[in-house]
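These are my notebook entries on one protein chain.

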Amino acid sequence: RDYLGGDLVEYEHFPRSETVDFRAVDLNHEPYPFEEASAAAVVSVETIEHLENPRTLMREMARIVRPGGWIVVTTPNQLSATSKLSLVARNQFPAFQEAPGLYPAHITALVEGDLRRLAHECGLVEVNVRYTDRGRVPLTGRHWPASLGVRGRWFSDNVVLTARRPPALSP
């Protein structure tokens, strides 16, 4: 029913209403200006790789979500064929390239194992990692044709972690 967004930058076209709100927050520092156990779900879309300390984000997400609630985190997939080939051929991941005209705001590369570790460190359960099944062909701007049926880690540009805060124990 309600949506509360938080980011360092307040975008001009962020929707506002009685059920939609925004709070300015520097996600590199804690605590975030959200009440503990106040959200049914906490979602971070393509944000964690922009942060100096991804543990702060995951800890705060775990604090904010209600017992039994869901956490979702997406980030570029550094384990795809494209990422691995780029690392070997260019000495950098494609999502972290530094070159004129590119947006060099990605500073923390995370892989599946890192995301799982962060979730477990925060006491989250039902930790699951999936891939978007949409990705670029190595060293090109083209995407893998859906007709080939290629899926999973090797062929996805992004990875998605889902996890739950353990439900509250009954008295």
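**Entry 1: surface and overall figures.** I began with the surface: the protein chain exposes about 10300 Å², of which carbon and sulfur atoms supply 54%. I note that the model is predicted. For the extent, I read a box of roughly 55 × 40 × 30 Å, filled by the C-alpha atoms and taken along the principal axes. The protein chain has 171 residues, and buried residues make up 40% of them.

**Entry 2: secondary structure.** I then looked up the elements and found three helices and six strands. Along the sequence they follow the pattern β-β-β-α-β-α-α-β-β. I also checked the range of the contacts: among those with a separation of 6 or more, 64% are between residues 24 or more positions apart.

**Entry 3: the core.** Which residues touch the most other members of the largest nonpolar core? I found Ile71, Val73, Leu124 and Leu161, in a core of 28 residues. The elements that give two or more residues to this core are strands S3 (39-45), S4 (65-76), S5 (125-131) and S6 (158-164), together with helices H1 (54-64) and H3 (112-121). The largest share, five residues, comes from H1. As background, I recall that nonpolar side chains in soluble globular proteins tend to be buried together.

I followed Leu161 further. Leaving out residues up to four places away in sequence, Leu161 touches Met58, Ile71, Val72, Val73, Leu115, Arg116, Ala119, Val127, Asn128 and Val129.

Ser83 belongs to helix H2 (residues 81-90). Ser83 has 4% relative accessibility and therefore counts as buried. Apart from its neighbours within four places in sequence, Ser83 is in contact with Asn77, Gln78, Phe93 and Pro94.

**Entry 4: charges and salt bridges.** I found 19 positive and 21 negative side chains, with the centres of the two sets 9 Å apart. Side chains of opposite charge can pair when their charged atoms come close. How many salt bridges does the structure hold? The structure holds 11 salt bridges, and I examined some of them.

- Asp157 and Arg136 meet in a salt bridge at 3.0 Å, N to O. Both lie in the loop between S5 and S6, so the pair ties together parts that are 21 residues apart in sequence. Asp157 is buried, at a relative accessible area of 15%, whereas Arg136 is partly exposed, at 28%.
- Asp114 forms a salt bridge with Arg117, and their closest N and O atoms are 3.0 Å apart. Both residues lie in helix H3, three residues apart, about one turn of the helix. I read 22% relative accessibility for Asp114, which counts as partly exposed, and 43% for Arg117, also partly exposed.
- Asp21 pairs with Arg16, with the closest N and O atoms 4.0 Å apart. Asp21 is partly exposed, with a relative accessible area of 32%; Arg16 is partly exposed at 46%. I also noted that Glu10, Arg16 and Asp21 are linked in a network of salt bridges.

Key:
Residues numbered from 1 in each chain as written. Predicted model: local features only at pLDDT ≥ 70, side-chain atom pairs only at ≥ 80, totals over all residues. Heavy atoms only, no water. Helix = DSSP H or I, 4+ residues; strand = E, 2+ residues; numbered from the N terminus. Buried < 20%, exposed > 50% of the residue type's maximum accessible area, 1.4 Å probe, protein only. Contact = heavy atoms within 4.5 Å. Core = buried A, V, L, I, M, F, W, Y, C linked by side-chain atoms within 4.5 Å. Areas by Shrake-Rupley, 256 points an atom, 1.4 Å probe, with all protein chains shown as cover. Lys, Arg positive; Asp, Glu negative; His and termini not counted. Charge placed at Lys NZ, Arg CZ, Asp CG, Glu CD. Salt bridge = Lys/Arg side-chain N within 4 Å of Asp/Glu carboxyl O.
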